[in-house]
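Hi,

Here is the structure I promised to pass on.

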Amino acid sequence: MISLNIEKTLGFISKENVFAYEAQVKAAQEALENGTGKGNDFLGWLHLPSSITKEHLADLKATAQTLRDNCEVVVVAGIGGSYLGARAVIEALSNSFTWLQDKKTAPVILYAGHNIGEDYLYELTEYLKDKKFGVINISKSGTTTETALAFRLLKKQCEDQRGKDMAKKVIVAITDAKKGAARVTADKEGYKSFIIPDNVGGRFSVLTPVGLLPIAIAGFDIEKLVAGAVAMEKACGKDVPFAENPAAIYAATRNELYKNGKKIEILVNYNPKLHYVSEWWKQLYGESEGKENKGIFPAAVDFSTDLHSMGQWIQEGERTIYETVISVEKTQYSLQVPSDEANLDGLNFLAGKHVDEVNKMAELGTQLAHVDGGVPNMRIVIPALNEESIGGLLYFFEIACGISGYILGVNPFNQPGVEAYKKNMFALLNKPGYEEESKAIQARL
Ligand code: PA5
């Protein structure tokens, strides 16, 4: 089970003021539970973990097995909420060098549709040329340009390379039940497809097939992942007393820090495998809270790597930041520092210690230094990098985000701001239907 410690924020804000949010948190929880708050048509994620059935998981696992049996590589095509959750979990649980290993136990998972880099797509299609590959086309709207463009290329290549019949077997769509081009294509081509529920927004969709299918293909236990989320759904439920509910305390603390001028939250990890959990978290909080000219800016660093780059700024830059550290209690493997008779590097004082003991002292030393430097510090501890912990962590951040967004007074479940760039891009590309916008934008250039 994950735990949260806010002790090191208390020199900057008071415990009394954090606990003063109890009524607001309660109101937010009631609004989420009763569907009476803003964006209440997007609350399908709230009790999603506990409503996932064994049959649904079995269907996902069977499809995963088909791709595992027939593919060396599976490309996950998606962007934003249709991509980050799967990548966050897969990278957190994978061996760091898995795709360089000769003997693979699962298909290599690659990603596309999350950028429009010509070189990226060229290099990907080149790499795939001699590979037995499959594709998961993930898009709730089914019309996202980045994803659709990548899928058009990959679909053609898969059909050309593997034949239409095999392509049908190894291309899967995850999209809306009825609308969008991805649905039309899936139905017409006869692809296996999964539905993204109407009431689950992209950034809250990791525990739908959007995340679960790629995670199962990569070889991870989706039952355990969901079980971890179910445990957290209970631990962060609305009837859990405020002081014992980590999501309530996290939401209250970050709002109190924001009120006190701490406008930037930096999510910190000491394990490179958590890099994409931070990317997922940035999207979750950025898209949910950054609106109406308010919202904490979500940033992230990987320590100790970034202590040698961003460490200076964090220690001595503008004092508008606080840190939330994800600390992993136990490593998966054991590696001790060897003793060396010559001791030329002077490291014998570490001989016999586990590498993680050194990492933990870097973590503790950094926390003390940053608090001394004026940076409030929260700590989330997870037992290990395994399916249960990661499932719990994802749900913890989701429920805390819903509560926090309601405390801030915004609709945490929409993203009106992401439309502006799309409108301009379509106008600049003369997309049919954008004739007026095209004229207007040309006049501005
Ligand atoms: O969280 C969100 O809603 C967004 O990040 C979407 O997931 C992203 O824009 C992709 O949209 P779609 O799944 O419709 O292609």
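**Salt bridges, a cavity and a patch**

There are 22 salt bridges in the structure, counting a side-chain nitrogen of Lys or Arg within 4 Å of a carboxyl oxygen of Asp or Glu. Bear in mind that this is a predicted model, where local features need pLDDT of at least 70, side-chain atom pairs count only at pLDDT 80 or more, and totals for chains, interfaces and linings use all residues. Residues are numbered from 1 along each chain as its sequence is written, and side-chain values use heavy atoms, with hydrogens and water left out.

One of the bridges pairs aspartate 59 with lysine 192, with 3.0 Å between the closest N and O atoms. Aspartate 59 sits in helix 4 (residues 54-70) and lysine 192 in strand 6 (residues 192-195), so this pair ties together parts 133 residues apart in sequence. Helices (H or I, at least four residues) and strands (E, at least two) are DSSP runs, numbered from the N terminus.

Glutamate 223 belongs to helix 10 (residues 222-235), and the two residues are 162 apart.

Then there is glutamate 289 with arginine 254, at 2.8 Å between the closest N and O atoms. That one ties helix 12 (residues 275-289) to helix 11 (residues 246-259). Buried or exposed, the glutamate 289 side of it? Glutamate 289 is buried, at 1% relative accessibility, and arginine 254 is buried too, with a relative accessible area of 1%. (Buried is under 20% relative accessible area, exposed over 50%, partly exposed in between, with a 1.4 Å probe and protein chains only.)

Shared partners also join Lys155, Glu159, Lys164 and Glu189 into one salt-bridge network.

Some of those names come back in the cavity. A search of the whole structure gives one cavity of 30 Å³ or more, a cavity being a set of points on a 1 Å grid over the protein atoms alone where a 1.4 Å probe fits but cannot get out. Its lining is Glu159, Lys164, Ala167, Lys168, Glu189 and Tyr191, lining residues having an atom within 4 Å of a point. Helix 7 (residues 145-170) supplies the largest share, four residues.

Lastly, leucine 100 is in the loop between helix 5 (84-93) and strand 3 (108-112), and counts as exposed at 61% relative accessibility.

Cheers

Key:
On a 1 Å grid over the protein atoms alone, a cavity is a set of points where a 1.4 Å probe fits but cannot get out, and a pocket is an open set with protein on both sides within 12 Å along at least five of seven lines; lining residues have an atom within 4 Å of a point. Grid points are joined across faces, edges and corners, and a volume is the space filled by probe spheres set on the points.
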